[in-house]
Amino acid sequence: MIKYFEEISPMALLESVSEGAKVPAGDVKIAEALLFEYKLQPGVANVLIDYVLRINNMKLNSAFVQKIAGQWTRAKVTTVKEAMELASKENKAQKERKDQPPKEYGSRFGRSSAPKPGTVPKWLEEQKAGHVSKVEQTPEEVSKWEEEKQLFKERLKQWKEKSES
């Protein structure tokens, strides 16, 4: 397989995958970008193309290819063997991530948003124990509250009438 990737051009690889059909212009641009923009060796570009086609249901997604090309450029991948090892390693890691059970809803970066077991807020403990004291209001406070509530209702009614007209 190493020899095959080293000897074939990316265009010929795309044609062979397409069984001789015309290679879409977008795929041609992707192959050219791998060679000229990312400066990947043709064999390394072939491994990348083959890898993406295999894991992505025979679709070359430009953004995905570019991400991998950037990674491989930064990793200084220069040989087909290195590219194949890196692709294999990434494929195994992806399969392991798929096999893991889904994280809890609401978790971020693997941390649950739920409180740790045994940590209950103080107010909840007091409420369960029946130690919650209700705040007593004086008749004047209750009266003032009722006036404010009535004022708010009137303002709300006026606002609704204005917005409807």
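A pocket is, on a 1 Å grid over the protein atoms alone, an open set of points where a 1.4 Å probe fits, with protein on both sides within 12 Å along at least five of seven lines; its lining residues have an atom within 4 Å of a point. The model is predicted, with local features needing pLDDT of at least 70 and side-chain atom pairs counted only at pLDDT 80 or more, while totals for chains, interfaces and linings use all residues. Residues are numbered from 1 along each chain as its sequence is written, and side-chain values use heavy atoms, leaving out hydrogens and water.

**View 1. Lining of the largest pocket.** Met1, Phe5, Val47, Asp50, Tyr51, Arg54, Ile55, Met84, Ala87, Ser88 and Asn91 form the lining. Two or more lining residues come from each of α4 (42-55) and α6 (80-99), helices being DSSP runs of H or I with at least four residues, numbered from the N terminus. The largest contribution, five residues, is that of α4.

**View 2. Packing of α3 against α4.** The axes of α3 (residues 25-36) and α4 come within 9 Å and cross at roughly 140°. Ala31, Leu34 and Leu35 of α3 meet Pro42, Ala45, Leu48 and Ile49 of α4, contact meaning heavy atoms within 4.5 Å. This contact has seven nonpolar, no polar and no charged residues.

How values were computed: Axes are lines fitted to C-alpha atoms, for helices over the stretch in contact, and angles run from 0 to 180 degrees between N-to-C directions. Ala, Val, Leu, Ile, Met, Phe, Trp, Tyr, Cys and Pro count as nonpolar, Asp, Glu, Lys and Arg as charged, and the others, Gly among them, as polar.
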